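Good morning, and thank you for coming. I shall go through one model at the level of individual residues, and I would ask you to keep the display in view.

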Amino acid sequence: MIAGSLRWRLLLAAAAAILLALAVAWVFMTLLFEWHLLRRLESEMTRDGARLAAALSIGADGAPRVAQAPADSRLDTPAGGYYWQASSPGGVVRSRSLWDAELARVEDAPLDQWRRRQASGPFGQSLVVVERRIRPDAGGAAVLVQLAQDDAPVRAARAEFGRELAAFLLLLWLVLLGAAWLQVRLGLAPLARVGRDLAALRDNAVARLPDPPLREIQPLADAINALADARGEELARARRRAAGTDFLQRMLHGHPAAGIRELAEEMRPDLIVMGKHGQTEIEELLLGSVTKHVLFETHCDMLVATER
């Protein structure tokens with residue numbers, strides 16, 4: 001049923017196309033949400049990093065000192081998920097949350113801006129790291145300032161957002177599928193009128209299809225009308241040929257097949273035209289078909305016309 005239905009083909013194509021578009025939208029929207037969360041996280045850590053840099057100094061032993069650390073309860077909780085560290089060739093100072101662990105140091109951190117990157121951290125956590133090098137004293141050694149947060153909350157938020165978005169997009173898909181069904185129904189409605197016009201054309205040899213309401217099916221209507229014109233011209237020629245033909249009536253007695261066979265032997269016609277009256281297979285087996293008898297017992301062409 002589906003393979004032979006234009007309506008179902010259009011609906012299935014629309015459903016597949018809409019579903020694909022919504023799936024692509026789901027992927028990009030969840031990625032966009034994650035990027036937004038990471039940018040927000042970077043902004044918060046950059047702000048804390050600026051406070052940390054403002055309180056940074058170099059001690060007499062060359063080790064960095066921080067007069068006042070950013071205020072966040074996670075920084076005071078071991079493995080709390082938020083960490084800071086300031087390191088130089090003379091030493092390192094870090095948040096209590098790192099306990100006795102350290103953030104991996106890098107040598108290519110920029111001096112003029114903060115950089116964000118993803119890294120593996122202590123306690124088996126995946127971290128979002130914001131870092132830069134700062135010179136507290138002009139001409140002095142650069143201090144690497146790093147802030148890092150566990151990205152597990154970001155991944156959890158993305159997963160939750162993805163589930164809720166998928167449920168919403170599924171509902172939207174059903175709504176759009178209903179709209180596509182309505183569109184297909186309205187779009188194919190003019191074809192029903194064409195079907196009625198074709199029925200009238202079949203019953204009336206002089207009838208023709210009117211101009212369709214849609215330009216797209218005008219070529220089809222023109223082709224059907226051209227075919228009807230050709231059929232009409234052929235019928236007119238046949239009528240003209242038949243107008244000059246003499247007819248002879250003969251009354252035959254006895255079995256029809258035998259009478260027709262004898263008449264055919266006598267007149268030697270070019271063509272015999274006979275009708276088939278729709279006997280059942282049992283009737284033809286018991287009584288025999290007159291048309292079959294004439295077909296096999298005469299030696300001229302034969303045309304069999306069936307009932308409509």
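This is a predicted model: local features need pLDDT of at least 70, side-chain atom pairs count only at pLDDT 80 or more; totals for chains, interfaces and linings use all residues.

What volume does the largest pocket have? The largest pocket has a volume of about 410 Å³. Residues are numbered from 1 along each chain as its sequence is written, and side-chain values use heavy atoms, with hydrogens and water left out.

The lining of the largest pocket has 12 residues, and those closest to its centre are Ile-260, Leu-263, Met-267, Pro-269 and Ile-272. The elements that give two or more residues to this lining are helix H4 (256-267) and strand S8 (271-276). Helices (H or I, at least four residues) and strands (E, at least two) are DSSP runs, numbered from the N terminus. By residue class, the lining of the largest pocket holds 11 nonpolar residues, no polar ones and 1 charged. Here Ala, Val, Leu, Ile, Met, Phe, Trp, Tyr, Cys and Pro count as nonpolar, Asp, Glu, Lys and Arg as charged, and the others, Gly among them, as polar.

On a 1 Å grid over the protein atoms alone, a pocket is an open set of points with protein on both sides within 12 Å along at least five of seven lines, whereas a cavity is a set of points where a 1.4 Å probe fits but cannot get out; lining residues have an atom within 4 Å of a point. Grid points are joined across faces, edges and corners, and a volume is the space filled by probe spheres set on the points.

How many cavities of 30 Å³ or more does a search of the whole structure find? The search finds 1. The largest cavity has a volume of about 80 Å³. Among the residues that line it are Arg-193, Asp-197, Leu-209, Pro-210, Asp-211 and Ile-217. Helix H2 (152-203) and helix H3 (218-243) each supply at least two residues of this lining, and H2 gives the most, with 3 residues. The lining of the largest cavity divides into 8 nonpolar residues, no polar ones and 3 charged.

Asn-225 is found in helix H3, and its C-alpha atom is separated by 6.3 Å from that of Leu-209, 16 residues apart along the chain. Asn-225 counts as buried because its relative accessibility is 14%; buried means under 20% relative accessible area, exposed over 50%, and partly exposed in between (1.4 Å probe, protein chains only).

Next comes helix H1. Ser-5 is found in the segment before helix H1 (6-54), and Ser-5 counts as buried because its relative accessibility is 17%. The side chain of Ser-5 reaches the backbone nitrogen of Arg-7 at 3.4 Å and that of Trp-8 at 3.2 Å. These are polar contacts, meaning pairs of N or O atoms within 3.5 Å; within protein, one must be able to donate a hydrogen and the other to accept it, and residues adjacent in sequence count only if both atoms are side-chain atoms.

How far apart are the end C-alpha atoms of H1? They are 71 Å apart, which agrees with the 72 Å that its 49 residues should span at 1.5 Å a residue. The expected span is 1.5 Å times one less than the number of residues.

Asp-48 lies in helix H1 and counts as buried, at 10% relative accessibility; its C-alpha atom and that of Ala-71, 23 residues apart along the chain, are separated by 8.7 Å. Arg-39 also lies in helix H1 but counts as partly exposed, at 46%. The C-alpha atoms of Arg-39 and Arg-116, 77 residues apart along the chain, are separated by 9.3 Å.

The largest nonpolar core has 18 residues, and those with the most contacts inside it are Met-45, Val-145 and Leu-147. H1, strand S3 (82-88), strand S6 (126-134) and strand S7 (143-150) each supply at least two residues of this core, and H1 gives the most, with 5 residues. A nonpolar core is a set of buried Ala, Val, Leu, Ile, Met, Phe, Trp, Tyr and Cys residues joined through side-chain atoms within 4.5 Å.

Finally, two loop residues. Trp-99 has a phi near 55 degrees, a positive value in a residue other than glycine, and is found in the loop between strand S4 (91-94) and strand S5 (115-120). Phe-123, in the loop between S5 and S6, has a positive phi of about 65 degrees although it is not a glycine. Trp-99 counts as exposed, at 53% relative accessibility, whereas Phe-123 is partly exposed, with a relative accessible area of 42%.
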